[in-house]
Amino acid sequence: MLKTVRQSANRKTGPIAVTYRAGAVNMFGTCPASCPLSPQPAAGVREIDKRYLSALRRAVPRRGRAWTYSHFPAEKLPAPAVGETVINFSADSLASALHARKLGRPAVLTVAKGERWAKKVDDVRFVRCPAEVSDRINCANCGNGEPLCARPDRDFVVVFEAHGQQAARVGTDQQGGCYGAGGPVAMQWRATVGAGAPDDAAALERFARELPSGSLLRHHVVGDIGAP
């Protein structure tokens, strides 16, 4: 199930186009069962939705940029290609972020709130999300219109600090930590279950095609590329 929003009201994303993706019966139904941040791993899936992934890669606004994040293993994610959606591997450890970079996949890393992290490891730079450093920066104006996460050939990992109601679980042995598990984001995510577009692949491509030229599109504020 897919929910599309032409202009987000979220402070961190800014006024850009976004989507939410959920399973037909559970909002975690498109997330990998292996994701350590999911508070409901049993609701997750093991396989990637190949038809949806194909649509996702093509779903880029004309003369615009599109990007997203996935907790599926980096080996299963497509390498970045010119003109396609940038699919970032979402890492929960330094080792997995470095592994993704060795595979040629763009990566982001979530760290515990207040955690100190190295700025450079094995010649790979780690750069804090600018929107977490300044209230004047969001996805819409990040990188002067070229958001860091939307750069397919970047030589650095973008670092996010854990946030949301389950932030305290990140970096511990506790299952969970997903920022979408509570608060306003969870409300939007739950509303997608059973009410979003059922043919999400077709709906996604149509949505991207109808956006104004030069638009920025962040796929999956929450949700992933799993086959529910």
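Strands E6 and E7 pair in the antiparallel sense, over two bridges. Across that pairing, Lys120 stands opposite Arg125 in E7. This is a predicted model. The pair belongs to an open sheet of nine strands with mixed pairing.

- Which strands form the edges? They are E1 and E6 (120-121), and each pairs on one side only.

**Strand E4 and its partners**

- E4 pairs with E3 in the parallel sense, over four bridges.
- In that pairing, Trp67 has Val86 of E4 as its bridge partner.
- E4 also pairs with E5 in the parallel sense, this time over three bridges.
- Here Ala91 has Leu109 of E5 as its bridge partner.
- Together with helix H2, strands E4 and E5 make a right-handed β-α-β unit.
- How many residues of E4 are buried? Six of its six residues are buried, and the strand is mostly covered.
- Both faces of E4 are covered. Val86, Asn88 and Ser90 are buried on one side. Ile87, Phe89 and Ala91 are buried on the other.

- Which residues of H1 are buried? Tyr52, Leu53, Ala55 and Leu56 are.
- These four cover an arc of only 165° around the axis, so they sit on the same side of H1.
- An α-helix has 3.6 residues a turn, so residues three or four places apart point the same way.
- Lys50 and Arg51 lie on the other side of H1, and they are exposed.
- What covers the buried residues of H1? The cover includes strands E1 (2-5), E2 (17-21), E3 (65-70) and E4, along with helix H4.
- Asp49 caps the N-terminal end of H1. One of its side-chain oxygens lies 3.3 Å from the backbone nitrogen of Arg51.

**The nonpolar cores**

- The largest nonpolar core has 37 residues. Tyr52, Leu56, Phe126, Val157, Leu217 and Ile225 touch the most other members.
- Leu56 is one of the residues of the largest core that touch the most other members. Leaving aside neighbours within four places in sequence, Leu56 is in contact with Thr68, Thr85, Ile87, Leu204, His219, His220 and Ile225.

**Thr19, a buried residue in E2**

- Thr19 lies in strand E2.
- Is Thr19 buried or exposed? Thr19 has a relative accessible area of 0%, so it is buried; the cut-off for buried is under 20%.
- Which residues is Thr19 in contact with, leaving aside its neighbours within four places in sequence? They are Leu2, Lys3, Thr4, Leu204, Phe207, Leu217, Arg218, His219, His220, Val221 and Val222.

Technical notes. Residues numbered from 1 in each chain as written. Predicted model: local features only at pLDDT ≥ 70, side-chain atom pairs only at ≥ 80, totals over all residues. Heavy atoms only, no water. Core = buried A, V, L, I, M, F, W, Y, C linked by side-chain atoms within 4.5 Å. Buried < 20%, exposed > 50% of the residue type's maximum accessible area, 1.4 Å probe, protein only. Contact = heavy atoms within 4.5 Å. Arc of directions from axis to C-beta. Polar contact = N/O pair within 3.5 Å; in protein donor to acceptor, adjacent residues only side chain to side chain. Pairing = 2+ DSSP bridges. Right-handed = clockwise from strand over helix to strand, strands pointing away.
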